[in-house]
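These are my notes from an afternoon with one protein model. I looked up a few things and wrote down what I found.

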Amino acid sequence: MKELDPNAKIETKCLHAGYTPKNGEPRVVPIVQSTTYVYDSTDDVAAVFDDPTKSLIYSRFENPTTDAVEKKIAALEGGVAAMCTSSGQAASLLSILNICEAGDSFIASSSIYGGTINLFAVTLKRMGIECIWVSVDATDEELNAAFKPNTKAVFGETIANPALTVLDIERWAKAAHAHSVPLIVDNTFATPVLCRPMEWGADIVIHSTSKYMDGHAVQVGGVIVDSGKFDWTSGKFPCMTEPDESYHGIVYTKQYAFAPYIVKARMQLMRDFGCYPAANSSFLLNLGLETLPVRMRQYCKNAMAVAEFIQSSDKVQSVTYPSLPGNKYKALADKYLPEGASGVISISIKGGRDNAVKFMDSLKLASNEVHVADIRTCVLHPASATHRQLTDEQLAAAGIDGGLIRLSVGLENVEDIIADVKQALDSI
C-alpha cells in the first residue's frame, strides 16, 4: 500500500494516517501487547539508546500500536510528531515540565478546566513553578504585561471547559512569540476536525483523548503534538540547546532539529514518569479516531438545536454556546470554529444550585456522570464535581456559578434529547 498523501483531507487521515500495512499485514492497526523488543546484539541495543529514533526500547515510553496512533494525531493536527500519555492531565503536566523548572513561570488563561487549574496553581507551585493567570479576554496590553523574564510558555484552551470561552489563538500566539516563548493549546473540545490551532500560530497542541477523540468513554488518555516550528535557540531554553547529561549529553536542537520538544519529552520525561498508555488503549483510541469527523459534525448540529431550544425557556438564566447568535464569542467561533463549537453547552438555571440539581436529577435520557464529550448525552454540575476544589474567586474567574450545568449533547436523535430536556425543565 502506498504512503498517504500529506495533503489528504482530515476524513482520509482519520482512516489511513499513522499505519500503512504492507503485503500480507493486517488491515487494522495491530495490538502489540509487549513490553519488550529483541535485538541481535549488545551493540544494537546500545545504538538504540544512543539514538532512540532508530527503534523501540521499552513500552514504558514507546509501543508500536501507540506509535501508529501518535503519527495519525500528528497528521490530523498538522504537527511533525506526537507523544501519547496515560491521561489528558498527564499531557498538561508534561507539556509544562518539558520546558519549565523550579524558578520558572508560565502564563495560563484563567478559564481553563478546573483540574488543570488545580494542577497549575497547587501542584506545580509546590515544584517551584509559578502560573500567572490572565483572563481569556485580556487586552494585548494586559497580556503582555503578565510576562516576566522567567516566563517560559503560554497555555490556553481552544474552547474552555466548561465556561466555553473561545481563545483568540492568533492573538495569544503573537504575544507569546513576541516574548520568545511557545503557545500551548488544549484542543480537546474542538479536536482537529473543528480547529487546528497550529494553523493559527500555536506551537504545541495537547488533548485529553478520553473525550471526543475516543468518543465512547472506554479509555482514558492524552496526547502532546509538536508543530516543529518553534525556535528554541533564543537562549531562553538551555534545556533544549545545552547537553542533557541525563541522556548521553544529547543536545535536542542539534540531534533532533525536526522535533526537539517531543523527543525531549519522550526520552527525558516519559522515561522518568512512565505515564504511557497501554497498547490496547491505543487500539481503542484509534477506532474512535476513525469516526471522528462524522461524529464531530453531528455533535455540533445536535448541540445547536438543543441550545436554541433551551434558550427559549423562561426557567433558564443563560445558555452559553459559542456558535449561538449573540454569544460573546460568536465572532471568534466564526473565525476559529466555522463548522461548530463541539457538542458541549453550558446552562445557568434560574434559582441557582437547588434548581440546577433538580433539573439534572429529573433527566431520563441524559446521564449524570463525571465525563464529557461522549456519544451519549450527559450532564455535570461543575461546582459540585470537576471544579469542587476551586475557591469562590477561582470559580468566578472560570465563569462558573452554582446554577451552572455542563450539558454534553450526544448522538441520540435530537428530538429525543430535546424532549428529555423539556420534561426536566418542566419539573422545576
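**Cysteines, rings and one serine**

I began with Cys-239, which has a relative accessibility of 24% and therefore counts as partly exposed. The model is a predicted one, and I keep that in mind throughout.

Next I looked for a bond at this residue. A disulfide is a covalent bond between the sulfur atoms of two cysteines. I searched the whole structure and got zero disulfides. For Cys-239 the nearest cysteine sulfur belongs to Cys-100 and is 8.5 Å away, and Cys-239 is in no disulfide. The cut-off for a disulfide is 2.5 Å between the sulfur atoms.

I then checked Cys-84. Cys-84 is in no disulfide either, and its nearest cysteine sulfur, that of Cys-275, is 11 Å away.

I turned to the aromatic rings. How many aromatic pairs does the structure hold? I noted 11 of them. I took up the pair of Phe-120 and Phe-155, where the ring centres are 5.0 Å apart and the planes stand at 90 degrees, so I wrote it down as edge-to-face. Planes over 60 degrees apart count as edge-to-face. Phe-120 sits in helix H5 (residues 114–126) and Phe-155 in strand S4 (residues 151–157), so this pair ties together parts that are 35 residues apart in sequence. I found both Phe-120 and Phe-155 buried.

I also looked at Trp-232 and Phe-237. Their ring centres are 5.0 Å apart with the planes at 85 degrees, so this pair is edge-to-face. Trp-232 has 3% relative accessibility and therefore counts as buried. Phe-237 is buried as well, with a relative accessible area of 1%.

Which residues form one aromatic cluster with Phe-120 and Phe-155? I found Phe-106 and Trp-133 in that cluster.

Where is Ser-95? I placed it in helix H4, which covers residues 88–97. Ser-95 has 0% relative accessibility, so it counts as buried. I followed its side chain and found that it reaches the backbone oxygen of Ser-92 at 2.7 Å. I then set aside the neighbours of Ser-95 within four places in sequence, and the contacts left were Phe-155, Ile-184, Ile-206, Ile-224 and Tyr-261. Phe-155 therefore has two entries in my notes: it pairs with Phe-120 edge-to-face, and it is in contact with Ser-95.

Terms used
Residues are numbered from 1 along each chain as its sequence is written. This is a predicted model: local features need pLDDT of at least 70, side-chain atom pairs count only at pLDDT 80 or more; totals for chains, interfaces and linings use all residues. Side-chain values use heavy atoms; hydrogens and water are left out. Rings of Phe, Tyr and Trp (its six-membered ring) pair if their centres lie within 6.5 Å; planes under 30 degrees apart count as stacked, over 60 as edge-to-face and the rest as tilted. Helices (H or I, at least four residues) and strands (E, at least two) are DSSP runs, numbered from the N terminus. Buried means under 20% relative accessible area, exposed over 50%, partly exposed in between (1.4 Å probe, protein chains only). A polar contact is a pair of N or O atoms within 3.5 Å; within protein, one must be able to donate a hydrogen and the other to accept it, and residues adjacent in sequence count only if both atoms are side-chain atoms. Contact means heavy atoms within 4.5 Å.
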